[in-house]
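Welcome! Here is a short tour for anyone opening this structure for the first time. Have a look at the picture, then follow the notes below.

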Amino acid sequence: EREVHRMHYLLHENFQAMNNESAVTKGDYMKMLWEKKLGGEEKEVEIINLEIAEKMASAKVNISGKDETTESYYYYLYKNGSGWQVLHILPYQLQKT
């Protein structure tokens, strides 16, 4: 589901999502959600690795959609007084050797 209101609180004020071309700020990301350019599709999430160190966490995640494509990301989270917030989302690709 596309829950724009909840995402506002889930994303840290300094949130950035990176792609191969640029960085997207929290404001830009929220606008894309509001305009239905992101989200709203059923996805399967697989957490490959999760590391937590006090108020910081990183998760290596694979996200698969109905079209059988898999996107892979690192999520970096920060724990404040009200809970965990997403600070950064970075793509990753496995290197072919």
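Is glutamate 68 buried or exposed, and why? Glutamate 68 is exposed, because its relative accessible area is 73%, and the cut-off for exposed is over 50%. Please keep in mind that this is a predicted model.

**Around glutamate 68**

- You will find glutamate 68 in the loop that lies between S4 and S5.
- Lysine 43 is 25 residues away from glutamate 68 along the chain, and 10.0 Å separates their C-alpha atoms.

**Strand S1 and its partners**

- Strand S1 covers residues 11-18, and it pairs in the parallel sense with strand S6, residues 83-91, over three bridges.
- S1 also runs antiparallel to strand S2 (residues 23-25), with three bridges joining the two.
- Four residues sit between S1 and S2, which together form a hairpin.
- Glutamine 16 is a handy landmark: it stands opposite histidine 88 in S6, and it also stands opposite threonine 25 in S2.

**The largest nonpolar core**

- As a general rule, nonpolar side chains tend to be buried together in soluble globular proteins.
- Here, the largest nonpolar core has 16 residues, and those touching the most other members are Leu11, Phe15, Ala17, Tyr29, Val86 and Ile89.
- S1, H2, S4, S5 and S6 are the elements that each give two or more residues to this core.
- S4 provides the largest share of this core, with four residues.
- Leaving aside residues up to four places away in sequence, phenylalanine 15 touches Val24, Thr25, Lys26, Tyr29, Val86, Leu87 and Ile89.

**The largest pocket**

- The largest pocket holds about 1,400 Å³ of space.
- Its lining is made of 41 residues, and the closest to the centre are Tyr29, Ile63, Tyr73, Tyr75 and Ile89.
- At least two lining residues come from each of these elements: helix H1 (4-10), S1, helix H2 (26-34), strand S3 (44-53), strand S4 (56-64), strand S5 (70-80) and S6.
- S5 gives the most to the lining of the largest pocket, namely six residues.
- Sorted by class, the lining of the largest pocket has 25 nonpolar residues, nine charged and seven polar.

**Two residues to look for again**

- Tyr29 is among the residues closest to the centre of the largest pocket, and Tyr29 is also one of those that touch the most other members of the largest nonpolar core.

Key. Residues are numbered from 1 along each chain as its sequence is written. This is a predicted model: local features need pLDDT of at least 70, side-chain atom pairs count only at pLDDT 80 or more; totals for chains, interfaces and linings use all residues. Side-chain values use heavy atoms; hydrogens and water are left out. Two strands pair if DSSP finds at least two bridges between them. On a 1 Å grid over the protein atoms alone, a cavity is a set of points where a 1.4 Å probe fits but cannot get out, and a pocket is an open set with protein on both sides within 12 Å along at least five of seven lines; lining residues have an atom within 4 Å of a point. Grid points are joined across faces, edges and corners, and a volume is the space filled by probe spheres set on the points. Ala, Val, Leu, Ile, Met, Phe, Trp, Tyr, Cys and Pro count as nonpolar, Asp, Glu, Lys and Arg as charged, and the others, Gly among them, as polar. A nonpolar core is a set of buried Ala, Val, Leu, Ile, Met, Phe, Trp, Tyr and Cys residues joined through side-chain atoms within 4.5 Å. Buried means under 20% relative accessible area, exposed over 50%, partly exposed in between (1.4 Å probe, protein chains only). Contact means heavy atoms within 4.5 Å.
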